[in-house]
Structure formats: structure tokens, C-alpha cells
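Please look over the model shown here with its confidence in mind, and then follow the paragraphs below from one part to the next.

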Amino acid sequence: MQVDTPATNPADFTDAEKAAIEEQVERLLQNQYFSHSRRFPMFLRFVVRHTLAGQADAVKERTLGIEIFGRKADYDTSSDPIVRVTAAEIRKRIAQYYQEPGHDVEIRVSLPAGSYVPQFQWPQAPERALAAGAAEPDAPARVPIPAKIVASPGVAVRPRKQASMQIRTALVLVVVCAGVGGALWWRSLQHSAFDVFWKPILKSSDPVLFCIADQNQYTAIVLRDAVDPTHQTILKDNLSAVVVDDLNPVVNVAGVLQAHGKRYSLKGEGTTTLMDLRNGPTVFVGAFDNAWTLRLTKPLRFHFANDAEMTRFWIVDSNAPGRTDWLIDRAKQQATNNYRDYAIVARFTDTNTGKIAIVAAGVGRGGTIAAGEFLMDPADLTQALSAARATGRQNMEFVLSTEIIDGQPGTPKMEAAYFW
């Protein structure tokens with residue numbers, strides 16, 4: 001693929017060119033490398049939108065930390081590398097996307113190393129396209145970027161053979177070096193933080209069990225008439241209900257397991273037995289409505305607690321049992337639906353079963369959703385595992401927080417971590 005030099009100021013692109021770039025960004029984000037993350041699309045859309053609007057000066061690490069990750073205005077960027085880690089992961093995924101066949105004829109969106117301001121390149125200038133003949137029928141439309149060099153009228157441009165040979169030789173060397181470097185780079189990608197975290201589960205020959213909260217409190221079901229769906233009939237039945245918010249992490253993790261050919265099953269916590277847990281790895285979803293989660297996390301440094309009236313719920317730090325900042329007041333939660341929720345994410349070998357246990361459990365429902373997102377986000381896992389590698393230990397536990405606005409959780413933030 002022959003790529004032109006990008007324009008120096010994307011804000012000067014025409015409306016048609018900007019629209020083509022935005023369309024390419026959406027095409028990029030629909031790919032499997034981005035579709036399972038909520039944070040990557042937010043990040044890439046933000047930097048592209050501001051760059052095209054001529055606001056590249058606003059695309060700074062601190063601004064991204066505040067706008068995308070919900071950090072405070074005075075947060076320490078040196079100790080909190082979330083923006084740098086996310087940008088690195090996005091660069092990797094963009095490179096993976098453009099390595100796939102067929103993407104070389106698309107507009108190239110890139111995030112240069114050391115910068116958060118994206119660059120845009122067209123696969124072929126309009127003059128070259130005309131010289132080569134008509135475009136392929138299935139090729140996407142190409143929007144021209146103004147040429148950087150224009151020949152003066154009446155001046156013939158004659159290439160010199162010697163210069164041409166030198167350029168060709170240099171290009172061959174560049175391609176060879178890039179191929180070798182690309183091969184090494186590609187091999188390094190196979191051991192991402194996501195792969196490292198999920199390896200004990202994916203490499204296990206045992207099936208995975210999802211242990212989720214259930215409620216056995218329904219004795220009737222409403223059925224609709226096939227001919228007239230507005231007509232309803234109530235039938236008596238004993239039903240087990242599942243909280244919809246708890247299904248978010250289940251669906252996400254199940255997608256990963258299925259993509260790797262892993263067998264899995266789903267059981268309510270009320271019907272799950274110790275023998276079930278001894279059959280293979282288990283993913284525990286939910287906290288105060290899942291007795292197994294409470295049992296397994298109780299011996300851990302971070303675990304759940306509540307008052308006798310069940311009006312206040314919090315996460316305990318065994319090393320600082322007096323702290324109460326990871327707490328939810330049920331009255332405030334119900335009155336405003338705007339609050340800060342907390343969650344525990346853990347991966348450890350359960351001493352009772354000898355099997356890997358993964359916990360994704362929030363104090364409230366929003367916390368459970370955030371925990372599931374944390375487990376699927378390579379940027380979050382990269383940040384978490386960088387600390388784990390420093391300790392050399394395999395068991396890990398994290399406390400997360402997320403802002404709940406109108407009942408919807410925001411981006412998860414890691415509050416604390418422990419490894420053993």
C-alpha cells in the first residue's frame with residue numbers, strides 16, 4: 001500500500017474529508033479488536049473529534065484522564081498511567097486491524113507513539129488513482145487530501161535513474177526491517193495482559209461454571225397470546241429470577257470462553273454445591289445476593305460487610321478495618337439513584353476446592369457491571385497485572401469504584417490491590 005503524507009492540520013480538511021475520517025473511525029471501532037470495550041471507543045472518538053475540530057491542544061494526558069476516565073483535576077499522572085496504558089493498547093489494536101486483508105485500501109487512522117493526537121493518511125492520492133485507472137468496484141470511496149507538492153505549469157518532472165535506484169534500495173531495506181520488527185512485535189502481542197489474566201481459565205481442561213445470584217420468589221408467569229400479544233394470561237409456576245445487571249459480566253466472559261472453545265455452564269447460587277465448585281474453575285457474579293461470593297471472599301483481605309438493619313453496605317479492608325469510605329447508604333441510593341458504587345474483582349486458587357475462582361461482585365448492581373467491564377478491558381488488566389508482575393504472585397484482588405448517574409455506571413477506577 002502506498003500512503004501519502006498526512007496534511008499538517010486536520011482542522012483544514014473539508015467537511016467531506018472529515019466525514020470520511022469519522023466513518024472510518026466507526027468502521028474501525030466495529031471490529032472485534034474494539035467492539036468488546038466501552039473505553040477504547042470513547043478514547044478514540046474523543047481524540048479524533050477534537051483533532052478534526054482544531055482542538056488538538058486539548059488532547060493532553062490530564063484532559064483525557066479527567067474526561068474519559070473520571071479522574072480528578074489534580075490527579076497524579078505519574079503514578080496513574082491509565083491514559084498511557086490505554087493509548088498503547090489502542091495503538092496495538094489499530095495495528096492489528098490494518099494488518100488484516102482488505103483494510104489497506106481504507107483511510108489509515110493512527111495514534112503516533114508519544115502523542116495522543118491522531119493522524120490520518122489516505123491509501124492513494126487522486127493523481128495516482130487516475131493514472132492507475134478506475135478504482136475497484138468494491139473499494140471504499142477515497143477522499144483526496146490536498147497534495148503537498150505541486151509541479152509548476154510547463155515544467156517537466158524527470159526522475160533520475162540513480163536517485164530512483166537508491167530510493168528503491170532504501171525502500172527494500174525498510175520493508176525487510178519492518179517485516180522482521182513486525183514479526184517480533186506480533187509475537188509479543190500474543191502475551192497481552194488480557195491473555196495472562198485469563199490463561200488459568202482458558203488453559204484448564206475443566207469446564208467453567210458461572211455461579212450467579214438468583215431469587216426464588218416468583219410463583220406466576222405472564223404469557224402473551226401468539227395471535228394477539230396484547231392479550232396476557234397469568235399461569236402459576238415456580239420461577240427463579242436473575243438480576244439483569246448481573247448478566248452483563250456473564251455474557252462478556254461467556255463470549256471469551258466460547259471464542260476459545262471452552263465449555264461452560266450456568267447455575268444459581270441456591271443450587272450450586274461444593275461438588276460443583278470442585279469440578280473446575282468458577283466465575284462468581286454478585287455479592288450480597290450470592291452466598292457463595294460472600295463465603296469465598298470472607299477470608300480475603302477485601303471482603304463485604306453490612307449493618308444489622310441491612311441499610312448500609314460496604315467493603316472491608318482487613319488491614320484497616322476502621323475505614324468506611326467504600327460504603328453505600330441504601331437510603332441515599334434509592335432516593336437519588338446517583339451515588340458511588342464499589343466492587344471486588346479477584347482471581348485466586350480457592351483452598352477448599354483447589355480450583356481457580358474469579359469474582360466479579362459489586363456492593364450494588366452498578367458495581368457488578370463495572371467489575372465485569374474491568375475483567376474485559378485490556379487497559380484495566382494491563383494496569384492491574386503490571387503491579388502483579390512486580391510481586392511475582394498469582395493470586396490477586398482489586399477494589400474498584402464507579403460513579404453511578406441515573407442508575408448507569410461509569411468507568412471503573414481501581415481503588416486498591418492486593419497480591420498473595
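Residues are numbered from 1 along each chain as its sequence is written, and side-chain values use heavy atoms, with hydrogens and water left out.

The mean pLDDT (the predictor's confidence in each residue, from 0 to 100) is 80 for the protein, and 79% of its residues reach 70 or more. Confidence is highest in strand β7 (residues 282–285), at a mean of 97, and lowest in helix α6 (residues 126–132), at 43; helices (H or I, at least four residues) and strands (E, at least two) are DSSP runs, numbered from the N terminus. Over residues 126–161 pLDDT stays under 50, as it does over residues 178–190. Where pLDDT is low, the predicted coordinates should not be read in detail.

Gln24 lies in helix α1 (residues 15–29) and is buried, with a relative accessible area of 1% (buried means under 20%, with a 1.4 Å probe and protein chains only). Leaving aside neighbours within four places in sequence, Gln24 is in contact (heavy atoms within 4.5 Å) with Tyr97, Tyr98, Glu106, Ile107 and Val109.

The lining of the second largest pocket divides into 9 nonpolar, 10 polar and 5 charged residues, where Ala, Val, Leu, Ile, Met, Phe, Trp, Tyr, Cys and Pro count as nonpolar, Asp, Glu, Lys and Arg as charged, and the others, Gly among them, as polar.

Conventions:
Buried means under 20% relative accessible area, exposed over 50%, partly exposed in between (1.4 Å probe, protein chains only).
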